[in-house]
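Have a look first, then we'll go through them.

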Amino acid sequence: MKIIVGITGASGVIYAKRLLEALDKHETILVISEAGKRVIEEELNMSWEKLKDLANEYYDNNDFFSPYASGSNKFDSAIIIPCSMKTLSAIANGYASSLIVRVADIALKERRKLIICPREMPLNSIHLRNMLKLSNLGAIIMLPYQPFTASQKQLMI
Ligand SMILES: Cc1cc2nc3c(=O)[nH]c(=O)nc-3n(C[C@H](O)[C@H](O)[C@H](O)COP(=O)(O)O)c2cc1C
């Protein structure tokens with residue numbers, strides 16, 4: 001499967017790293033926002049350039065000449081992990097000013113799978129409204145949750 005992974009500047013970039021490692025049998029295309037690059041360095045103590053080696057392809061978040069800025073270039077699913085409230089809002093309002101938002105916009109219009117993993121605490125009504133709007137459009141809203149049960153221990157960070 002061809003999966004686009006978008007990393008934005010929300011806390012919890014470890015989830016994106018684990019996801020890329022878990023998807024090693026798939027074709028992964030990675031896009032990282034400028035804030036995402038800063039958070040990777042802050043939280044993972046590694047360079048974003050090193051993280052991008054976990055994916056098959058990489059594009060800058062302002063690269064609208066990337067093939068994936070066009071709906072004609074097929075991908076199976078897109079996942080934004082972690083997703084900041086800024087990017088969540090841009091997707092919910094169709095404001096495609098970055099490649100990550102454009103990819104999400106394409107997934108919605110082409111009815112492809114879109115998984116959004118928002119991170120914020122606490123949530124205000126704007127955040128909640130944006131999540132509901134996207135859920136109603138068919139996006140899967142998946143809060144990154146830390147599992148605590150014994151059977152899920154292997155998933156724990
Ligand atoms: C260390 C750090 C952690 C942050 N965590 C969050 C967060 O959990 N959720 C969020 O919405 N924004 C968070 N922010 C703020 C976003 O990075 C900021 O709103 C940024 O403009 C998001 O841009 P992007 O969506 O293009 O990545 C954080 C910023 C920093 C520096």
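Q: Which residues does Ser-77 touch, leaving out those up to four places away in sequence?
A: Ser-77 touches Lys-2, Ile-3, Ile-4 and Lys-113, where contact means heavy atoms within 4.5 Å. Bear in mind that this is a predicted model, where local features need pLDDT of at least 70, side-chain atom pairs count only at pLDDT 80 or more, and totals for chains, interfaces and linings use all residues. Residues are numbered from 1 along each chain as its sequence is written, and side-chain values use heavy atoms, with hydrogens and water left out.

Q: Why is Ser-77 called buried?
A: Buried means under 20% relative accessible area, exposed means over 50%, and partly exposed is in between (1.4 Å probe, protein chains only). Ser-77 has a relative accessible area of 9%, so buried is the word for Ser-77.

Q: And what makes Asn-93 partly exposed?
A: Asn-93 comes out at a relative accessible area of 48%, so Asn-93 is partly exposed.

Q: Where do these two sit in the fold?
A: Ser-77 is in strand E4, residues 77-83. Asn-93 belongs to the loop between helix H4 (85-92) and helix H5 (99-109). Helices (H or I, at least four residues) and strands (E, at least two) are DSSP runs, numbered from the N terminus.

Q: Which residues is Asn-93 in contact with, leaving aside neighbours within four places in sequence?
A: Asn-130 and Lys-133 are the contacts of Asn-93.

Q: How many helices and strands does the protein chain have?
A: You get 6 helices and 6 strands, and from the N terminus on they run β-α-β-α-α-β-β-α-α-β-α-β.

Q: How do you know what the radius of gyration says about the protein chain?
A: The radius is taken over C-alpha atoms, and the globule rule is 2.2 Å times the number of residues to the power 0.38. For 157 residues a compact globule would be near 15 Å, and the protein chain has 15 Å, so the value agrees with the rule. The C-alpha trace spans about 40 × 35 × 30 Å along its principal axes, and 46% of the 157 residues count as buried.

Q: What does UniProt place at residues 1-146?
A: The unreviewed UniProt entry has "domain: Flavoprotein" there; its positions are given in the numbering used here, feature names are shortened, and annotations may be inferred rather than shown by experiment. Over residues 1-146 the chain is 39% helix and 21% strand.
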